[in-house]
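This report goes through one protein model, from the overall fold to a few single residues. The sequence and structure come first.

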Amino acid sequence: MLLRLVETWPEQVCEGLRRRRELPPPVRDAMLRHPSPRIRGALAAHPGVDPLVRAKLLADPAWRVRIRAFGRPGQEPLPDDVLVRLLAELDGRPSDMPFTREELIGELLDAMGYDRRLFRLAAAHPRPGVRRFAAGSLYWLDERSRQALLDDEAPEVRAAAVASVAHRQQVMEPADLPDQHCHTFWYVLQRPLSRALVDHVLASGDTAALRVMGENPTVPPDVVETLLRHPDPSVRQGVTGRVDLTGDQLVRLANDPVVEVRTAVSTHPGLTELQRADIDIDVTTVRDDGHFGSADVRCRSIPYPDDASPQLTEALCWARSVNPLLRRRAARNAELPVETVTILADDSDLGVRVLLAQHHPAAPPALLLRCFLEYHCCGRDRLSELPQFPTEGLARFADDPDPAVRRLVALDPHANPELVDRLSTDPDATVRQAMATSPGLSAPRIAALLNDPELAEAAAANPALTVEQMLHILDGTTAS
């Protein structure tokens, strides 16, 4: 039946095929050989596609398919030997692609989630053009690879590596700072700064610029002290992440009159756990953009201090911290041992519990359900899609005031068909659509929904749909 869909309605089924959990081998092979670039592109973008299949699609006649075959974060990465060949091809920039070599490599980097493995392969590539690209991104590499590029046999590679070092070390002057806020403006403030530029920003009174400058490690100690005493709390908050803060400065920030500043400094590595315990913080004031301000806890994702998942050693240390923001960091590590998971699953902080549920494969089923019921923002629906999410007994939520909770009834394998039928007429459209996909829906109701413009697509995806009904759909009629 899938093969018939691919053959007869290729344009219409692309997205549905891409969303399938698995593609049977005969269907995958048919998609690989299909004349439609959209079908081949859907295969390249499938989350579970074999990287060797994507490797074949890298030679596809359609450039859009080839770019899709680069991959995306979450897909199994291409093997090293395939990437080495691909880098050589991109160095030559295929004539049919409307991109420069740099743009194409940028697409590959983005597809790989900026995996440093690509930089390592590029730095050791036999083609000087590829090594020259790696030399332009010298500080993504380890020390040995950087030195190898600085000593490279090709003059253009050495020159690019030297230029990269010089660019990294170039001290910014007032003339380098644009007159208005823009990407370059913020980039300059993160580079090495001259005293003249530091004084220029101080004199400007631009609090947003002062906040960013306060994070710059090249700002001298006397200016750090000035920023630490600034009347605007956002400027003081910008200083809190500096690793060179003195003990006295940390104490002053920990006693700042503004809770946002105290909360920001509370995760500083220079503080002891006893000091952290004495800091009056408020993690509910952290917004989903990482800044601070009042917001309804039900309408906000769980914040945490940084984007990087911590190493296990750090995570184990932070898991025992009195500071919930550090415990949130720990909860993001998917390698935490079972005993630590058990402790964090009962943490007093909602953020810790949610991040553990979202990131750890051994998060208890009861925790996933609890988090779904208590958490109301980004990533909530993904909790119910995890394999360990409990499904037994979800029918008890049929009359919950929250539509997202009522939708859980569709997951209950033992939900009463009459209950599922009733919810298929729920006032909320998302609940109606969820019930249309539920295998607990009665056969007559599934047949009726196949004629409902709003719910026909969801009903057609119902796993309880019979082969006879599916054949009738493909034949252009609906089973009664």
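## Basis and overall fold

Helices (H or I, at least four residues) and strands (E, at least two) are DSSP runs, numbered from the N terminus. The model is a predicted one, in which local features need pLDDT of at least 70, side-chain atom pairs count only at pLDDT 80 or more, and totals for chains, interfaces and linings use all residues. Residues are numbered from 1 along each chain as its sequence is written, and side-chain values use heavy atoms, with hydrogens and water left out.

The protein has 32 helices and 0 strands. Its C-alpha trace spans about 80 × 60 × 45 Å along the principal axes. Of the 480 residues, 46% are buried, where buried means under 20% relative accessible area, exposed over 50% and partly exposed in between (1.4 Å probe, protein chains only). Among contacts (heavy atoms within 4.5 Å) with a separation of 6 or more, 45% join residues 24 or more positions apart.

## The largest pocket

A pocket is an open set of points on a 1 Å grid over the protein atoms alone, with protein on both sides within 12 Å along at least five of seven lines; a 1.4 Å probe fits at the points, and lining residues have an atom within 4 Å of a point. Grid points are joined across faces, edges and corners, and a volume is the space filled by probe spheres set on the points. The largest pocket holds about 2,300 Å³ of space.

Its lining consists of 43 residues, with Arg 19, Thr 437, Glu 457, Ala 461 and Asn 462 nearest the centre. Helix α2 gives the largest share, 6 residues. Helices that each supply at least two lining residues include α1 (2-8), α2 (10-19) and α29 (429-436). By class, the lining has 25 nonpolar residues (Ala, Val, Leu, Ile, Met, Phe, Trp, Tyr, Cys and Pro), 9 charged (Asp, Glu, Lys and Arg) and 9 polar (the others, Gly among them).

## Helix α29

The buried residues of α29 are Val 431, Arg 432, Ala 434, Met 435 and Ala 436. They pack against α27 (403-406), α28 (417-423), α30 (443-449) and α31.

## Two single residues

Tyr 114 sits in the loop between α8 (101-111) and α9 (116-123). Its phi is near 55°, a positive value in a residue other than glycine. Most residues other than glycine have a negative phi. Tyr 114 counts as partly exposed because its relative accessibility is 38%.

Ser 234 belongs to helix α17 (residues 233-239). At 25% relative accessibility, Ser 234 also counts as partly exposed. Ser 234 and Val 261 lie 27 residues apart in sequence and 7.6 Å apart in space, C-alpha to C-alpha.
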